[in-house]
Amino acid sequence: MTTFAAARLVLGREIRAKLRDKAFLFSTVSFLLIIIASISIPALIESGATKVAVVDSGSGAALRQAGFEIVAVPDTAAAERLVRDGDVAAAVVPGPRVVALDETPDEVVKALSTAPEVQLLDALGYNPALAIFVPLAIAMLCYLTSLLFGLQIAQSVVEEKATRIVEILVSSVSPRALLAGKVAAMSILAFAQIALLAVVTVVGLTVTGTDAGLLDVLAPALGWFLPFFVLGFVMLATVWAGVGALAARIEDLGSTSGTAQMIVLIPFFAVLFLRDNAAALTALSYFPLSSPMAMPIRIFQEGAAGWEPFVALAILAITAVLLLGVGARIYEGSLLRTNTRTSILAAWKTRPTAG
Amino acid sequence: MTTTVLVVGAVDRSFGDRQVLKDVSFSVAAGRLTGFVGANGAGKTTTMRIILGVLAADSGTVTWRGAPVTRQARQRFGYMPEERGLYPKMAVADQVVYLARLHGLSAADARRRTTALLDRLELGPRAGDLVEKLSLGNQQRVQIAAALVHDPELLVLDEPFSGLDPLAADSVVTVLRERAAAGAAVLFSSHQLELVERLCDDLVIIADGTIRAAGARDELRGRHTLPRYAIEVEADAGWLRDEPGVTIIDLDGARAVLELAPGTDDQQVLRAALAHGQVRSFGPVRPSLAEIFREVIK
């Protein structure tokens, strides 16, 4: 049997096993619920127009135009009562005076005042709130999936070691086929999960009408995010498999996975804290461990020249190939040391199995 | 006429500074059960792992039907490691089918043979259960099914009887004999020397990483038989001390074990005994495997 055919069998088993794994299903469902909640709850809250009590109907027109629901009341006392009871958010009484409970109702004040015209010379093409939210979301997505799926790869490797089935497996197929099948299966599952979440997000934003041109703005950044993410994920997947193979029992994972966790954690925080520093972000967008997060952010902020993502992607691809080699060697070197955890050095030096 | 199929030739292997195999050579024939005997740490498991390609030899060769063993050839090997292992959260039949397919069987063949084998091992009703739900004895049977499902030409079993109750051990013995009768070569290691003695056709004895004896069981036994005789007479056997050419090894009233000097006629001794009275039994002492084992590992 060819390595490819063997890897395909391994891949099939891994995916079937994962789809029956309650922890995996639970995490997928939780992610879905979080996304649905974070899209639908603000939409629900914003659905009813804010009510404002008005005594003098003169200001009603301006308020109605600003989208408030007007409740006409006979006098100031009645207006104040409605405010106190919480039936309306604010009241406009003769004066004109704005009455509210414990907070200045800025929106109401704005609707009643005349503001000078503002002209922005370098306007952002999108809501400034997104400038904070989008980089955060991209970084979080990279970080969480690498960590969660990485740990699952490590766990599935160490499970085969702890149950000793690995010896039977390696006697019939090559360790490389095992590794390739496992990494491919986990990558497919990770991408499928993200695709599912993405589809739900897009559908949710469209249905609730929150979209407002958001997708058009995000499209180039997301288009680039995809290849960066895929390469970045595969690059680390083999490292995680190596980390799993170093452990002899599930309990060892805590200590053997430390390095891999740092590899994921440090770039994440670096991107998070340095994202407003243009020079630092540029550097991070080329460094292969952080480029899957930093480069899409730069593209989103329209700070990257057209050729830059290609160079960063090339660096990432070369690193991925190198790390695949390192991870595979550590994996093969430690796979059969089932008694105690293996040091990276010992795994590196171990001769691979025959033929 | 036996056909040698597997030849282990001058294999060395060290772990760090410790050399665990020194110039290990022996062969395994098709259609025969070969027992691999040695103390703990003698090198049995390491040798078996090298045959299966799980470990690499430092030097030496392993050949199958005259050619170095390739991964292709190993697809036709069945292996049961000493440390048993199965996926605990996988159904019994799925697991056996998966391992069969890793050995190159088509999906349909793998299914068909798994069903037949599980029925044969009386596991049919448990085929859909998760492995972790089975008793240890049944898990062991699944393990055997996993080694046999692709109908291997060479079976390598590391301590197949450890942890088995006598009934289960008997069923394993039956299965191994069947496979050998069907032409497979079977190599198995065991501590249970009596069982090996009863079961195997050929023997390989290893101690401290070197092969101390190898060959057909009966031939080995003949080679290690000393000119010793056991006799049981009616009265005291003490007179034997005075017989020419006889050395008493053990004397216990009417029973004795003697060693005859070269050239001494055993029938002469028997006649002398009959002259002294009634003889209940007289015959050569055949060494047990345990005795041969103790002698060759010295």
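Reader: Leaving aside its neighbours within four places in sequence, which residues is Trp240(A) in contact with?

Author: First, the idea. Two residues are in contact if their C-beta atoms, placed from the backbone, lie within 7 Å. By that rule, Trp240(A) touches Gly150(A), Ile153(A), Ala154(A) and Ala260(A), with neighbours within four places left aside.

Reader: What should I know about the model and its labels?

Author: This is a predicted model: local features need pLDDT of at least 70, side-chain atom pairs count only at pLDDT 80 or more, and totals for chains, interfaces and linings use all residues. Residues are numbered from 1 along each chain as its sequence is written, while chains are lettered from A and ligands numbered from 1 in the order in which they are written.

Reader: Which residues have the most contacts inside the largest nonpolar core?

Author: Start with burial. A residue is buried if 20 or more other C-beta atoms lie within 10 Å of its own, exposed if 12 or fewer, and partly exposed in between; the C-beta atoms are placed from the backbone. A nonpolar core is a set of buried Ala, Val, Leu, Ile, Met, Phe, Trp, Tyr and Cys residues joined through C-beta atoms within 7 Å. Here the largest core has 147 residues. Those with the most contacts inside it are Ile153(A), Trp240(A), Ala241(A), Val96(B), Ala145(B), Val156(B) and Val186(B).

Reader: Which helix gives the largest share of this core?

Author: Helices (H or I, at least four residues) and strands (E, at least two) are DSSP runs, numbered from the N terminus. Helix 9 (residues 214-246) of chain A gives the largest share, 15 residues. Another core lies apart from the largest one. It has 17 residues, including Phe68(A), Leu82(A), Val92(A) and Val99(A).

Reader: How is chain A divided into domains?

Author: Domain bounds come from an automatic or database domain assignment. For chain A, domain 1 is 3-37 + 127-349 and domain 2 is 51-112. Their centres, taken over C-alpha atoms, are 53 Å apart.

Reader: How many residues of chain A are in contact with chain B?

Author: 23 residues of chain A meet 26 residues of chain B. On the chain A side, helix 1 (3-19) and helix 7 (165-172) are the elements that give two or more residues. Helix 7 gives the most, with 8 residues. Now sort by class: Ala, Val, Leu, Ile, Met, Phe, Trp, Tyr, Cys and Pro count as nonpolar, Asp, Glu, Lys and Arg as charged, and the others, Gly among them, as polar. The chain A side then has 12 nonpolar, 7 polar and 4 charged residues.

Reader: What is the secondary structure of chain B?

Author: Chain B has 10 helices and 14 strands. Its C-alpha atoms fill a box of roughly 75 × 45 × 35 Å along the principal axes. Of its 298 residues, 41% are buried.

Reader: Which domains does chain B have?

Author: Chain B is divided into domain 1 (4-222) and domain 2 (225-296). Their C-alpha centres lie 41 Å apart. The contact takes 10 residues from domain 1 and 9 residues from domain 2. By class, the domain 1 side has 6 nonpolar, 1 polar and 3 charged residues.

Reader: How do strand 1 and strand 2 of chain B run?

Author: Two strands pair if DSSP finds at least two bridges between them. Strand 1 (residues 4-15) and strand 2 of chain B run antiparallel, joined by 8 bridges. Val8(B) stands opposite Phe26(B) in strand 2. The two strands form a hairpin with 2 residues between them. In the turn, Gly16(B) has a positive phi of about 65°.

Reader: Which phi does Asp23(B) have, positive or negative?

Author: Most residues other than glycine have a negative phi. Asp23(B) is not a glycine, yet its phi is positive, about 50°. It lies in strand 2 (residues 18-29) of chain B. Glu122(B) is not a glycine either, and has a positive phi of about 60°. Its place is the loop between helix 4 (107-120) and helix 5 (136-148) of chain B. Glu122(B) is exposed, with 11 other C-beta atoms within 10 Å.
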